[in-house]
Amino acid sequence: MTLIIDGHSFHYEIENLCRIFFPYQQIKVTTELCEDNILAYTGVKTQPEGLLITARLKVDSYQKEISCFLNQQESADIKEQKRRMEILLFELFTDYCGFTPKWGILTGVRPVKLLRSLIARMGEEQGMDYFKTQLLVSNEKADLSFITMHNEEKILSTLTPDSFSLYISIPFCPSRCSYCSFVSSSVEKTINLIPKYLELLCKEIQHTAKVAAGLNLRLQSVYIGGGTPTTLSAEQLRILLDTISGCFNLSSCCEFTVEAGRPDTITSEKLIALKRGGVTRISINPQTLNDSVLKTIGRRHTTAQTLSAYAMAREYDFDNINMDLIVGLPGDTVESFISTLNRVIALSPESITVHTLSLKRSARIFQDENEPFSKDAKAADQMLDYADDQLLQNGYVPYYLYRQSRMVGNLENTGWAKPGFESPYNVFIMDETQTILACGAGAASKIKDPNSDCIERIFDFKYPYEYINRFEEMIIRKDQVKAIYDKFCGVPK
Ligand code: SF4
């Protein structure tokens, strides 16, 4: 599709809005007037008394244009100009698609954080009102955001300026799922890299521990993710966990999570290694309990394997298990999702994270790029409605929520937990309120200023082979953590 930008600078936001409705389309953004089968025009024209904002949508034989006028006072506010433009275009898209996305014009990743800032600025009632009437968020999503915000706040109140979390990346998986958009390598291609990767990762962890100790930082949570960390053998997991406990003081650590995501990687030896290594929380991710959908998405495990991995984890006394599900998977239906959710709730894991499928460019699921999202979106929407309702009824509370670009129906991912089992790490990373020191390929450390909202990032190399070949550069980058803290705290160079 072509997006015409005429007389304004909101191309980034407007392009994101177009993506909500045509997630599979390549969008050509131009300032030239031109023609295309799918064409969105957005223009701002100066008039004697203010600004005229116009949006036009043409899709095959559909064609409509609407405008609004901003007086001089309104025109002076660039954010207001952008919001009004988004509202016009949103109206045209919903008219054409016959479907109203429940997050309205919001395209950002952190709606709960946005709501919190609105409430801080305007008060609870007006903040919620603005969220619903000016950003067009539905009552249902506004309420979900509000409850999540309150549950997050309990966890955020445990933060101290000297606390941090540690993230470790294991970017390997037994095979690649067709919808995956992470930097993760299937072990079929990269198994030879794992021993060297682990050796260097342990060195990076030890180096990071020295940096953290030099700054007197206090470790609050550890999260080993990926990828699928349990792709490592039991012995490799032991080496990794011993390295962490050998160089960090874990006495203040309230959560130690390992993603054991793919049930086909879980064995009794690995569970023993995790338990002995101090792991307090694991994630076993069915995504769906429908075997034919699992096959379609290339997960290469079965429902029976998920159930047996879960039972085994309980046998080894894991008392804090998360299970991830995805709505909007290809081949899944509302009925099949309902059955999955009911069965997962019956297992009674301590937390359940309900994701919405995100179709990033790198994912391999085929889509008709000319199709707007409405069909898949309606089904995903019904699935989420059912999930929210059932999870609440079964004693789970929403405690973190985020969105990604190109999510089916522009919906959301929500972490639900039984009270007391909310994962602090998930809240810290989503809210960007704590320093996260991250190690391993594809990981990004986020250094949070203890005195403001400012964050600086240090990126590890993206792919394991780069990480291995350029490891020394990575270690030098890690030393910037101290320099960044010194800058934040006003320490002279
Ligand atoms: S298990 Fe997760 S990280 Fe690994 S390939 Fe599948 S979606 Fe990607």
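This is a predicted model: local features need pLDDT of at least 70, side-chain atom pairs count only at pLDDT 80 or more; totals for chains, interfaces and linings use all residues.
Local features were considered at pLDDT of at least 70 and side-chain atom pairs only at pLDDT 80 or more, whereas totals for chains, interfaces and linings use all residues. Residues are numbered from 1 along each chain as its sequence is written.

Two strands are taken to pair if DSSP finds at least two bridges between them. Thr46 likewise has a position in β4 opposite to it, namely Leu51. The two strands form a hairpin, with 2 residues between β3 and β4. In a regular strand, side chains alternate between the two faces of the sheet.

Strand β3 also pairs with β1, and here the sense is parallel, with 5 bridges joining the two. Within this pairing, Asp6 has Gly43 of β3 as its bridge partner. These pairings are part of an open sheet of 5 strands in the order β2-β1-β3-β4-β5, with mixed pairing. At its edges are β2 (28-30) and β5 (62-71), each of which pairs on one side only. Neighbouring strands of the sheet are turned against each other by 10° on average, direction ignored.

Two helices lie across this sheet. Helix α1 (residues 11-21) lies across β1 (2-6), β2 and β3, and runs at about 150° to β1. Helix α3 (residues 78-97) lies across β3, β4 and β5, running at about 25° to β4. For these angles, axes are lines fitted to C-alpha atoms, for helices over the stretch in contact, and values run from 0 to 180 degrees between N-to-C directions. Contact means that the C-beta atoms of two residues, placed from the backbone, lie within 7 Å.

Turning to the whole chain, the protein has 18 helices and 18 strands. Its radius of gyration, 24 Å, is close to the 23 Å that the globule rule gives for 493 residues, so the protein is as compact as a globular protein of that length. The radius is taken over C-alpha atoms, and the rule is 2.2 Å times the number of residues to the power 0.38. Along the principal axes, the C-alpha trace spans about 70 × 60 × 45 Å. Among contacts with a separation of 6 or more, 74% join residues 24 or more positions apart.

Terms used: Helices (H or I, at least four residues) and strands (E, at least two) are DSSP runs, numbered from the N terminus.
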